[in-house]
Amino acid sequence: MTNEEKIPFWRDDRFWKVVIQVIVVAIVVAVFIFLGSNLVRNFQRLRLNFGFGFLVDRDRPASFQIGDSPIPYSATDPYSRAILVGLLNSLRVMVSGIVLATIVGITVGIGRLSDNWLVRQIATVYVETIRNTPLLLQLFFWYFAVFLRLPKIDNPVIFLNSIFLTNRGIYLPFPAGSLQTWLSLGFLVLSGVLAAILWRRQTQVIVRGGASGRTLQMGLLGIAIAAILTIIFGLDWQQPQLDRAANSLEGGLNLSPELATLLVGLTIYTAAFIAEVVRAGIQSVDRGQWEAARALGLKSGLVMRLVIFPQALRVMIPPLTSEFLNLAKNSSLAVAIGYSDVYAVSNTISNQTGKAVEMLLVVMITYLSFNLIIASLMNWFNRSVQLKER
Amino acid sequence: MKKGRFSSATLLLSFVLSACTGGENPTGTSTVQGDASGSRLEVVKGRGTLICGINGDVPGFSFVNEQGEYSGIDVDLCRAIAAALFDDPSKIEFRPVSAQERFTAVQAGEVDVLSRNTTWTLNRDTAVGMEFGPTIFYDGQGMMTAKASGITQLKNLEGKSVCVLAGTTTEQNLADRMRKEGVKNYNPVVSDNDDALYAAYEQGRCEAVTSDRSKLVARQSILSKPDEHVLLDVVMSKEPLGPVVANGDSAWYDAVKWITYTLIQAEEFGITSQNLSTFENSQDPNIRRFLGLDEKLGEDMELPNDFASRIIKHVGNYGEIYDRNIGKPFALERDLNNLWTNGGLLYSPPFR
């Protein structure tokens, strides 16, 4: 102790630790001040003003039209409305992309571990081809070689008299949005909740009680039939109608080629990565777990569902989160194929108004908040499946 | 403890590096203060090459020719500037920029001059922070459709798709004009790349494509079946196209402006790259002044006194440039793009 007091300060490790941190902070601050003042100086040089007022100014209409718009929008609306349209366009790609990619990814991931040789090979070829080519290239492929190559609107490919494929877009039947639709939707949600409860009960009965759970199974079957009937007849589906005289299709849901390209491209691309995450997760579960579960007499479906998957999930979620975040960010490639996502719309606005710095900030904040929301949801999910150590 | 110090060091290093890359931007622009001494004119002269932002995708304006070089009216304007400054039209670095990024490229000093079929508008001149040189091509917006589509006027576009380039006046004019025509329900297909846009049009993604008429004519010529397409007989807007530089640098702006006027004035005097030598003994004081034989007009804007003859020698006058790039290949009449003496709009202020 007394020795230490004699050490000169420049040989004291604690002193240097503090000094280095101070230097780092000072440099960071200096860099930001430098960049900030540089920005201000350049703004002054070009006689530009910094501000976000132009976004909401009613007297400054966006004066450009947006092709894909989920909400009513016209060229006379202010810029903020245009950005909102872009946001919603981005969101629908992100959300449906994440859902679809997860479904495809899990299927392919399990397929890679299948006992069936053909399934395994197909899954492997899919993953290796998709994972090893650039996404932008794939998007161009889907756009120019697939969706724009569909027949013209006067001669569409028709499935079941309700799905129309044309190079103007894919037309699908869609619920009309009437009272009947909403009532049916409510019924579907209710039956879904009921089914989940019953299913859990059934599993418990099988695992804990060793019973067959036949009565509960019949109940589930009943709910399933009711739900299917509701989906077919209750939702008030609107079929796209082909108007041969005007060469147009009305009604139903229209996926423009751009939206379809982006959705399919992102789904196929991200699913390949998710498949690998799923495969790694399942393989990380010790062999002994499989053997022990089988020794208990569980059927192979139940082994996967009750023993393997919950353990694999713990390993899978963190990398899965990264894949979701990647999908969200990759959706900005929409600009390459002319889909009006938030990045494309902001680009146009910044070009028209010259407010490049402001619009860049808007886009950065948008993607940052999207991804923080996705990340925090996934972290919450991650916590809920982790082992609770008491 | 060692580890802690090491990571601080790497952190520090990374910040130093990011400061360097961050500092790259101001080095090009911070010297520009508005007075002639710190102008971009000096920067360009010091560098020895001109950085010129072009389109690269529009035949007649800027396109790669059979020799693998950029050619076109926009490109020749860049060559004229390089010829005036360095007596060598090849001292140019061409930077193809998209419609969307072009103004940012000028604002940030990425390019010295933007010669990219850019329409002069009030908003771009003020709020966007640009400075527009003299118009070198008076254009108007047109609409191209397939002959088979049966579309003969804008009203027929109700419920149809129209291909349009992102970030252009074309995009805004389309919205304005459709509103005026009462066409409420049309679907713009917006791309930020010309090649992708015309590919989508050819594949039938949209019934019509809209752009400047000159560009449509030029683009039509490189479609796979040019005869099956037709330009509608409408002019939807005024599109004066010309060179652009950044706001607040009048020395550089003046140089670009008068270099452009030189092309027009040379045609008015009848001086071409072929007959330039015959004017060296001219007794006309206007021509002597113009070619830098008398007085020192060039010096006043910090250009060589013979800048006009350099330009004519290497690039020719406006008429030669027009014929070479647009008149001959596309058989487009000069109309508005003729000299004022021939009923057009091209008019240069006096060189004195």
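How many residues does the contact take from chain B, and how many from chain A? In this predicted model, where local features need pLDDT of at least 70 and side-chain atom pairs count only at pLDDT 80 or more, totals for chains, interfaces and linings use all residues. Residues are numbered from 1 along each chain as its sequence is written, with chains lettered from A and ligands numbered from 1 in the order in which they are written.

The contact draws 45 residues from chain B and 41 residues from chain A, two residues being in contact if their C-beta atoms, placed from the backbone, lie within 7 Å. On the side of chain B that touches chain A, α1 (2–29), α4 (102–107), α6 (169–181), β10 (187–191) and α7 (194–202) of chain B each provide at least two residues; helices (H or I, at least four residues) and strands (E, at least two) are DSSP runs numbered from the N terminus. The most comes from α1(B), with 11 residues.

Turning to the sheet, five strands of chain B form an open, mixed arrangement in the order β10-β9-β11-β8-β12, where pairing requires that DSSP find at least two bridges between two strands. β10 and β12 (229–231) of chain B each have a single partner strand, so one side of each lacks a neighbour in the sheet. Strand β9 (residues 161–165) of chain B runs parallel to β10(B), joined by five bridges, and B:Cys163 sits opposite B:Val189 in β10(B). α6(B) packs on the sheet, its direction making about 145 degrees with that of β9(B); axes are lines fitted to C-alpha atoms, for helices over the stretch in contact, and angles run from 0 to 180 degrees between N-to-C directions.
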